[in-house]
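Let's walk through this one together, one question at a time. Keep the picture open as you read.

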Amino acid sequence: MATVLALETSCDESAAAIVRDRTVLASAVASQVEEHARWGGVVPEIASRRHVEALPQLIESVCERSGLRPAEVDAIAATAAPGLVGALLVASVTGRTLARLHGKPFLAVHHLEGHLASVQLGEPLPPGPYLVLLVSGGHTELVRVEGPGRYERLGRSHDDAAGEAFDKVARLLGLGYPGGPAIQAAALAGDPHRFRLPRGRVSRPGGGFFPYDFSFSGLKTAMLRLVRSMETEAAGPAAGHPLPLADLAASFEQAVAEVLVERSCRCALEQGLGTLVLVGGVAANRRLRALLEERCRREGLQWRVAPLAYCTDNAAMIGVAACERLERGLRSAIDLGVAARLPLEQAACLYEAPAPF
Ligand code: KG4
Ligand code: ZN
């Protein structure tokens, strides 16, 4: 059973955790959302600076709470890709320095492999291959998982990621950043069926549609048109009438959740995969979790959802992914850099020598 100190700084959360196998001994996250909220999105330069400030205390905190020092763990892990380069570098250089100083193996982790691993922090998975719906601020993917490190992407978004759509529509509605939690809160009192919104599909060049792919740009435009037409009306006879924010938020949330659940269940059933797994920041959405559960129950599929605390970015999930690689005898080159982009299917290159970047 391996114990790993894991670090994560790929976007706007600085995080450290100490994980033993699939158990979290300590996990700490310092969110920068309040600072980025002022600008309506993540400002890369600010993100890097805040990671530099926050990471040392986070490491100290998880060491104190777990009663372990870096010299006492079996390996050090850090996210190396994908993400904001300046942000990724903070965890990477910190992790590699600790590994070098304490003579420990270093494991670079693919951020999406971390999200995939987050489900293991909850109930154990049934045996066999399964389908993962990964929905975050940067990715919307359907991934067939054959076993540790064996992935095949079966579906993806052709434009915005689901979380990005939440963030952009929240900005349109004046609900602030990050959009997901803001829309969820506004939608609580709303009617999810008040507005008919498009369920975007992606056309295949030869005709028909890609059955497992997503598009959220039409939905975003429909929301924009709806809001603009209401604003125009409000400037007319019904002047002073406020936007029905709760109904708009609930209808949008319903449209996103329905399309995600519909396509992933269809994919699981058609591909003969008996289990559907939901991970990533958007997996924290209550309506999405509830719809997925209801639909899987109806279709006779098993389902697993990442624990709420480990849906949005954290280092515990990076630790679990690192444990899996470590158990298979893998480790990364100490001079490995970071990469803004790296498809999940290429995650194994992080353990190659010489370092791929
Ligand atoms: O996984 P994550 O923390 O970071 C990335 O890897 O991108 O995901 C962040 C995304 C943001 O777009 C945020 O708006 C969305 O997850 N999100 C949610 C909820 N909580 C976070 N979306 C919908 N409902 C939520 N409750
Ligand atoms: Zn993430």
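Domain bounds here come from an automatic or database domain assignment. This is a predicted model, in which local features need pLDDT of at least 70, side-chain atom pairs count only at pLDDT 80 or more, and totals for chains, interfaces and linings use all residues. Residues are numbered from 1 along each chain as its sequence is written, chains are lettered from A and ligands numbered from 1 in the order in which they are written, and side-chain values use heavy atoms, with hydrogens and water left out.

Q: Which residues make up domain 1 and domain 2?
A: Look at the numbering in the assignment of the protein chain. Domain 2 covers 126-305. Domain 1 is written in two pieces, 3-116 + 311-351.

Q: How many residues does each domain bring to the contact?
A: The centres of domain 1 and domain 2, taken over C-alpha atoms, are 28 Å apart. Contact means heavy atoms within 4.5 Å. Counted like that, domain 2 brings 20 residues and domain 1 brings 19 residues.

Q: What area is buried between domain 1 and domain 2?
A: The size of an interface is often given as the accessible area lost when the parts come together. Buried area is just that loss (1.4 Å probe), summed over both parts. Carbon and sulfur atoms give 69% of it here, and the total is about 1600 Å².

Q: How many salt bridges does the rule find across the interface of domain 1 and domain 2?
A: A salt bridge needs a side-chain nitrogen of Lys or Arg within 4 Å of a carboxyl oxygen of Asp or Glu. A search of the whole structure turns up 23 of them. Across the interface of domain 1 and domain 2, though, the count is zero.

Q: Which helix does Arg 50 lie in?
A: Helices are DSSP runs (H or I, at least four residues), as are strands (E, at least two), and they're numbered from the N terminus. Arg 50 forms a salt bridge with Glu 35, with the closest N and O atoms 2.7 Å apart. Glu 35 lies in helix H1, so the pair ties together parts 15 residues apart in sequence, and Arg 50 sits in helix H2 (residues 44-66).

Q: What kind of aromatic pair do Phe 166 and Phe 252 form?
A: Rings of Phe, Tyr and Trp (its six-membered ring) pair if their centres lie within 6.5 Å; planes under 30 degrees apart are stacked, over 60 edge-to-face, and the rest tilted. The count comes to two aromatic pairs. For Phe 166 and Phe 252, the centres are 5.2 Å apart with 80 degrees between the planes, making the pair edge-to-face.

Q: Where is Pro 82?
A: The peptide bond from Ala 81 to Pro 82 is cis, with omega near -20 degrees. To find Pro 82, go to the loop between strand S4 (75-81) and helix H3 (85-102).

How values were computed. Buried area = accessible area lost by both parts, 1.4 Å probe.
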